[in-house]
Amino acid sequence: GRAYDSAKSYESTLADLAKVIDGGMDSAKQYGARLNETATQFAQNGEAMVTAMTNFVQAGYDAEEAFNLVADSTKLMIAGELSAAQSSDLLVSILKGFKAPASEATATVDMLNEVSNKYATNVEQLAIGMAAISPIAKTMNFTMAETAGLLTPVIEVYRSGSEAADALKTGLQQLTANSGAVKAAL
């Protein structure tokens, strides 16, 4: 009974993928087979990976980019001890915020992991902060590495990526204010 329910759920997930990619169900089954291989490689659930791919396609990536993003988001999920949904959401937010192509996802995940290895922060909090501040950082022409460099010391103290991002957003936005206090400080 469980096997039947699992197969039915997986087929439903494939049908959802087929709705959003070119090639319909045949293409979805091909990607499903590839995603199952990736799931086995990372000891993850194949159905969750198909769902993640569907989410990436719906976020505006083509099918092949979405497939590659699934592997990168899985690495982020494992490194940051995140759920599959949270990992894909954060990766999309960071890439979209920096207007970065999907091809930069691997470097982004590697950078998040490397920073968490060397400093008193973790991948989850750094990714949350990066996702929250990415549009403002991009507007100010900061790279992802520079943004991580701004967030890391704040996260090290306050242990929260969202609080670090909020504080930096406020500070960065105040740099353009025309108040007397800002002018005097600058």
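Is Phe67 buried or exposed? I began my notes here, keeping in mind that I am reading a predicted model. I found that Phe67 is buried, since its relative accessible area is 11% and buried means under 20%.

**Aromatic pairs**

I next looked for aromatic pairs, and the count came to two. In one of them I found Tyr31 and Phe67, whose rings lie 6.1 Å apart centre to centre with 45° between the planes, and I noted this pair as tilted. I then looked up where the two residues sit: Tyr31 belongs to helix H2 (residues 24–42) and Phe67 to helix H4 (residues 63–80), so the pair links distant parts of the chain, 36 residues apart. I checked Tyr31 as well, and it is buried, with a relative accessible area of 11%.

I turned to Phe56 and Tyr61, whose ring centres are 6.5 Å apart and whose planes stand at 75°, so I recorded this pair as edge-to-face. Phe56 is buried with a relative accessible area of 1%, and Tyr61, at 7% relative accessibility, also counts as buried.

**Helices H5 and H6**

I then followed helix H5 (residues 84–97) to its packing with helix H6 (residues 105–118), where the angle is about 110° and the axes are 11 Å apart. Angles of 65 to 115 degrees count as roughly perpendicular, and therefore I described H5 as roughly perpendicular to H6. I noted that H5 passes H6 in a right-handed crossing. The contact is made by Leu91, Ile94 and Leu95 of H5 together with Ala105, Thr108, Val109 and Leu112 of H6. When I sorted the residues of this contact, I had six nonpolar, one polar and no charged.

Definitions and conventions. Residues numbered from 1 in each chain as written. Predicted model: local features only at pLDDT ≥ 70, side-chain atom pairs only at ≥ 80, totals over all residues. Heavy atoms only, no water. Axes fitted to C-alpha atoms, helices over the stretch in contact; angles between N-to-C directions. Helix = DSSP H or I, 4+ residues; strand = E, 2+ residues; numbered from the N terminus. Parallel < 35°, antiparallel > 145°, perpendicular 65-115°, else oblique. Left-handed = near helix turned anticlockwise from the far one by under 90°. Contact = heavy atoms within 4.5 Å. Nonpolar A, V, L, I, M, F, W, Y, C, P; charged D, E, K, R; others polar. Phe/Tyr/Trp six-rings, centres within 6.5 Å; stacked < 30°, edge-to-face > 60°. Buried < 20%, exposed > 50% of the residue type's maximum accessible area, 1.4 Å probe, protein only.
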